[in-house]
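The following report walks through selected local features of one protein model. Please keep the sequence and the coordinates at hand while reading.

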Amino acid sequence: MKIAPVPISEKMCERFSVTLNGECAPVSAARVSAMIFNCGWPGHQRSLDQTEIAGFVRAESNDCVKVEVRLHEEIKEVCVRPLSKKIRVKQTEDALSFMLPGPGQYVLEVNGEHECLNLFIAPETEVVSLEDTDLYFGPGEHEIGIIELQSNQTVYIDAGAVVYGGFAAFGKENIKITGLGILDGSKEIRTSDTGLIAALGIWDNVSSRDFFLDNDRLKAYINEHQVLNGLVRFYNCKNCTVEHITLRDSSSFAIVPAACENVVIDDIKMIGMWRYNSDGVDYFNSCNCVLKNSFLRNFDDCVVVKGICGWGHKNNENIITENCVIWCDWGRGLEIGAETNADEYGNIIFRNCDVIHGSWLHLDIQHHNDAYIHDILFDDIRVEYSKDQMPLKFQQSDEQTYEKAPVTFDQPMLLGAFFLSMGLFGPGHSGQKIERIVFRNIQVLSDECVPMPKICFEGLDNENCVQNVLIENLTRNGVPIKDKEEANLMANEFAFDVVLR
């Protein structure tokens with residue numbers, strides 16, 4: 001086992017003292033959201049009083065790892081997530097010990113979910129030599145701004161490195177970003193003048209669906225509109241890989257493959273995403289992509305397949321998300337939409353994932369624009385529900401504060417597919433369908449006092465409808481649910497052939 005070191009200047013989390021297999025492990029700090037409180041695009045940063053500090057430890061091991069944790073407080077309640085791992089904790093007055101089964105991402109919650117400890121155990125990786133990399137960031141801090149990558153380049157971030165900045169590529173191929181270090185976006189500041197993403201709306205008076213195929217014109221648009229960089233941006237690229245790194249504190253969407261092909265994202269850890277719209281992995285009109293073995297905690301959607309104005313020349317096809325741990329502080333956990341500017345979405349799979357916290361809706365298809373969405377599979381998803389769930393609220397003004405009501409069961413919706421009539425971020429509907437959708441082996445893991453979460457399907461009319469939906473082997477705490485009323489399933493008059501079995 002190897003424990004990742006940290007630079008001397010790295011801010012540490014003081015709540016926990018941790019050893020792994022008896023060896024002291026540094027606990028880095030990440031600012032995370034403390035409350036489910038959001039508003040529409042204001043352009044500025046969130047207030048820090050809406051946040052808190054979580055800790056995280058990084059290590060490599062292919063074997064079991066013994067974890068010992070000490071705290072300087074009374075321990076009343078303990079939980080290790082994902083619950084599906086069934087990790088048992090031994091407790092003394094101020095100490096906890098437990099075994100992790102091997103590589104994966106785990107969350108220790110003491111006295112509730114707030115100010116938690118994240119344990120990121122990566123599989124052992126080969127040591128990379130300087131000769132095998134084009135950009136090498138060794139132990140210590142590095143401020144890089146935004147580096148534009150070229151074809152056939154490999155970036156290596158050492159386990160002991162913190163790199164402040166991000167990477168972008170335009171029309172390139174065969175790019176790899178790897179290593180066990182930290183990529184941190186905290187230096188990028190949002191203002192009322194910055195743009196969220198490179199996207200063309202109907203308000204831009206640009207009708208061409210291939211506007212951004214010209215990489216020079218794309219760069220000019222990004223500069224002109226002061227578009228936020230986030231952490232990783234691949235535009236019109238092929239054969240790109242992001243693996244093993246920890247991504248922290250992005251100013252907006254953390255990773256965006258836009259009009260890309262053959263993208264692999266493996267064993268990444270996202271934490272410290274507390275700012276407005278700090279999504280996880282957002283695909284814009286891309287195909288043949290895989291996200292696997294990763295942890296994503298984001299303020300807004302975690303994994304999203306979007307069709308964005310300006311990129312609609314390309315369909316979203318053959319996209320897989322598997323073996324991931326999802327914590328959504330606001331928005332949707334695993335989602336298609338909300339923007340659906342493309343001809344088609346097809347063969348999109350979410351499987352073998354643990355959704356350990358959420359806010360609005362966990363498994364979602366949200367249709368606003370003109371795509372035909374078909375052949376979508378959600379399979380083997382464990383969704384956790386807690387008695388301590390905070391109620392979701394919208395912030396109407398900067399002066400408004402979040403007030404947590406007494407015990408509430410304002411739980412996130414479990415799953416659904418919807419047509420919405422507002423035409424969000426693009427033209428409205430053009431007579432398309434959401435069809436051939438399968439939710440299979442969905443497990444609800446909930447505190448007994450929590451009611452069954454809602455399931456909902458809503459078409460807009462006979463032309464823009466949801467049809468041919470199968471929910472197969474839905475369980476709650478191991479008990480099969482076969483009845484629609486027991487499943488808390490609702491479908492309007494434009495949702496056809498919704499089957500629960």
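Where does Pro82 lie? Pro82 is placed in the loop between β8 (78-81) and β9, where strands (E, at least two residues) and helices (H or I, at least four residues) are DSSP runs numbered from the N terminus. The peptide bond that leads from Arg81 to Pro82 is cis, with omega near 0°.

The model is predicted, so that local features need pLDDT of at least 70 and side-chain atom pairs count only at pLDDT 80 or more, whereas totals for chains, interfaces and linings use all residues. Residues are numbered from 1 along each chain as its sequence is written, and side-chain values use heavy atoms, with hydrogens and water left out.

**Sheet**

Five strands make up an open sheet, in the order β3-β2-β7-β10-β9, with antiparallel pairing; two strands are taken to pair if DSSP finds at least two bridges between them. At the edges of this sheet are β3 (23-25) and β9 (90-91), each of which pairs on one side only. Strand β7 (residues 65-70) and strand β10 (residues 95-100) run antiparallel and are joined by six bridges, and Val67 stands opposite Phe98 in β10. In general, the strands of a sheet pair through backbone hydrogen bonds, either parallel or antiparallel.

**Two loop residues**

Ser61 is found in the loop between β6 (51-60) and β7. Ser61 counts as buried because its relative accessible area is 2%, the classes being buried under 20%, exposed over 50% and partly exposed in between (1.4 Å probe, protein chains only). The side chain of Ser61 reaches the backbone nitrogen of Asp63 at 3.1 Å. Leaving aside residues up to four places away in sequence, Ser61 touches Met1, Pro103, Ile121, Ala122, Pro123 and Glu124, a contact meaning heavy atoms within 4.5 Å.

Cys449, in turn, is located in the loop between β37 (433-446) and β38 (455-458), and it counts as partly exposed because its relative accessibility is 43%. Between Cys449 and Ser386 there are 63 residues of separation in sequence, while their C-alpha atoms are 9.0 Å apart in space. With residues up to four places away in sequence again not counted, Cys449 touches Lys387 and Phe409.

**Nonpolar cores**

A nonpolar core is a set of buried Ala, Val, Leu, Ile, Met, Phe, Trp, Tyr and Cys residues joined through side-chain atoms within 4.5 Å. The largest such core has 80 residues, and those with the most contacts inside it are Phe234, Leu247, Leu334, Leu414, Phe439, Phe457 and Leu474. Strand β34 (residues 372-385) supplies the largest share of this core, namely six residues. Another core, of 26 residues, lies apart from it and has among its members Cys13, Val27, Val110 and Ile121.

**Backbone geometry in strands**

A cis peptide bond also joins Gly337 and Ala338, with omega about 0°, and Ala338 lies in strand β31 (residues 332-340).

Key
Polar contact = N/O pair within 3.5 Å; in protein donor to acceptor, adjacent residues only side chain to side chain.
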